[in-house]
Amino acid sequence: RTEAGEEVLYNGISRNSALSICIPAYKDTADALLSSLLHLKYVQHCTLLIYDDGSSDADLTKVLARQILRFPGPARLITADRNYGRSHARNRLISLAETDWILFLDADMRPDSDGFISRYIDAASNTHGPALIPGGFSLKYANPTDGTRLHAAQSLKSECLSADIRASQPGRYVFTSNILVHRDILASIRFDNRFKGWGWEDVDWGLRVAQSYPVKHIDNTATHLGLDED
């Protein structure tokens with residue numbers, strides 16, 4: 001248990017990882033995401049960090065712990081004693097990550113291709129200095145229902161955009177559910193903890209980052225599975 005009242009489960013020691021995969025979660029097993037990560041190229045060269053933001057669910061903790069133990073690289077599950085909100089969860093993951101590059105994925109995402117990790121590693125290798133690299137959204141593996149078709153239509157229109165379109169307004173189209181970012185940016189521009197609950201902190205943060213650092217949009221999409229009811 002940490003001084004912050006967190007329970008921590010370790011699986012392996014992080015040494016020489018190419019990047020840290022950081023997943024904030026709240027009452028979500030992240031099963032589709034974590035299962036898909038196991039089959040991605042070069043994922044064994046990554047460290048996995050999951051922050052459960054006070055779900056207070058012993059059964060859920062057991063599921064996440066099993067996922068940690070299955071991961072082929074170093075992994076850690078941090079379980080908060082209460083719910084703090086997504087800004088706090090992201091900032092806490094940043095403080096725990098030990099690599100220069102951090103890949104943020106939301107718990108309800110699923111990478112769209114086997115080369116998802118390797119494409120980000122290549123992008124980082126070809127980037128000189130700190131940068132923010134958003135990969136983009138899709139609904140490739142989503143299955144909209146009658147009750148979620150409105151959100152699916154909105155997402156296709158305004159979020160599932162090519163890198164060329166997103167690059168025209170780089171700060172606007174930063175969705176932190178799928179981004180690679182250098183830790184120097186995260187050290188100087190943190191997520192605003194005044195945002196409570198889960199939402200909009202990424203829009204505020206992306207606009208602030210774009211004022212000071214390069215934002216390099218690429219086509220390396222992940223599916224948003226968590227469509228909302230109308």
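Modeller: A salt bridge is taken here as a side-chain nitrogen of Lys or Arg within 4 Å of a carboxyl oxygen of Asp or Glu. By this rule the count comes to 7 salt bridges. The model is a predicted one, in which local features need pLDDT of at least 70 and side-chain atom pairs count only at pLDDT 80 or more, while totals for chains, interfaces and linings use all residues. Residues are numbered from 1 along each chain as its sequence is written, and side-chain values use heavy atoms, with hydrogens and water left out.

Biologist: Which residue forms a salt bridge with Asp106, and how far apart are the closest N and O atoms?

Modeller: The partner of Asp106 is Arg86, with 3.4 Å between the closest N and O atoms. Helices (H or I, at least four residues) and strands (E, at least two) are DSSP runs numbered from the N terminus. Arg86 lies in helix H3 (residues 86-96) and Asp106 in the loop between strand S5 (101-105) and S6, so the pair ties together parts that are 20 residues apart in sequence. Salt bridges that share partners join Arg86, Arg90 and Asp106 into one network.

Biologist: Are Arg86 and Asp106 buried or exposed?

Modeller: Buried means under 20% relative accessible area, exposed over 50%, and partly exposed in between, with a 1.4 Å probe and protein chains only. Arg86 is buried because its relative accessible area is 13%, and Asp106 counts as buried at 10%. For a contrasting case, take the salt bridge between the side chains of Asp146 and Arg149 (3.4 Å, N to O): Asp146 is exposed at 66% relative accessibility, and Arg149 is partly exposed at 48%.

Biologist: Where do Asp219 and Arg166 lie?

Modeller: Asp219 and Arg166 form a salt bridge whose closest N and O atoms are 3.6 Å apart. Asp219 sits in the loop between helix H8 (201-210) and S10, whereas Arg166 belongs to helix H6 (residues 163-167), so this pair ties together parts that are 53 residues apart in sequence. Arg166 counts as buried, at 0% relative accessibility.

Biologist: How should I read the burial pattern of a helix, and which residues of H8 are buried?

Modeller: One looks at the arc, which is that of the directions from the helix axis to the C-beta atoms. In H8, the residues Glu201, Asp202, Trp205, Gly206 and Val209 are buried. They cover an arc of only 125° around the axis, which puts them on the same side of H8. With contact meaning heavy atoms within 4.5 Å, the buried residues of H8 pack against H3, strand S7 (132-134), strand S9 (178-182) and helix H7 (183-188).

Biologist: What is the general idea behind a nonpolar core, and which residues touch the most other members of the largest one?

Modeller: In soluble globular proteins, nonpolar side chains tend to be buried together. A nonpolar core is a set of buried Ala, Val, Leu, Ile, Met, Phe, Trp, Tyr and Cys residues joined through side-chain atoms within 4.5 Å. The largest here has 36 residues, of which Leu19, Ile21, Ile23, Leu37, Leu48 and Leu103 touch the most other members. S2, H1, S3, H2, strand S4 (75-79), S5 and helix H4 (116-125) each supply at least two residues of this core, and H4 gives the most, with 6 residues. Apart from it lies another core, of 23 residues, among them Cys22, Leu49, Ile185 and Phe191.

Biologist: How many disulfides does the structure hold?

Modeller: A disulfide is a covalent bond between the sulfur atoms of two cysteines. With the criterion of a pair of cysteine sulfur atoms within 2.5 Å, the structure holds 0 disulfides. Cys22 is in no disulfide, and the nearest cysteine sulfur, that of Cys46, is 11 Å away. Cys22 is also buried, with a relative accessible area of 0%.

Biologist: Finally, what order do the strands of the open sheet have?

Modeller: Strands of a sheet pair through backbone hydrogen bonds, either parallel or antiparallel. Two strands pair if DSSP finds at least two bridges between them. The open sheet of 3 strands has the order S6-S10-S8, with mixed pairing. Its edge strands are S6 (109-111) and S8 (137-138), each of which pairs on one side only. S8 and strand S10 (residues 222-224) pair in the parallel sense over 2 bridges, and the bridge partner of Phe137 in S10 is Ala222.
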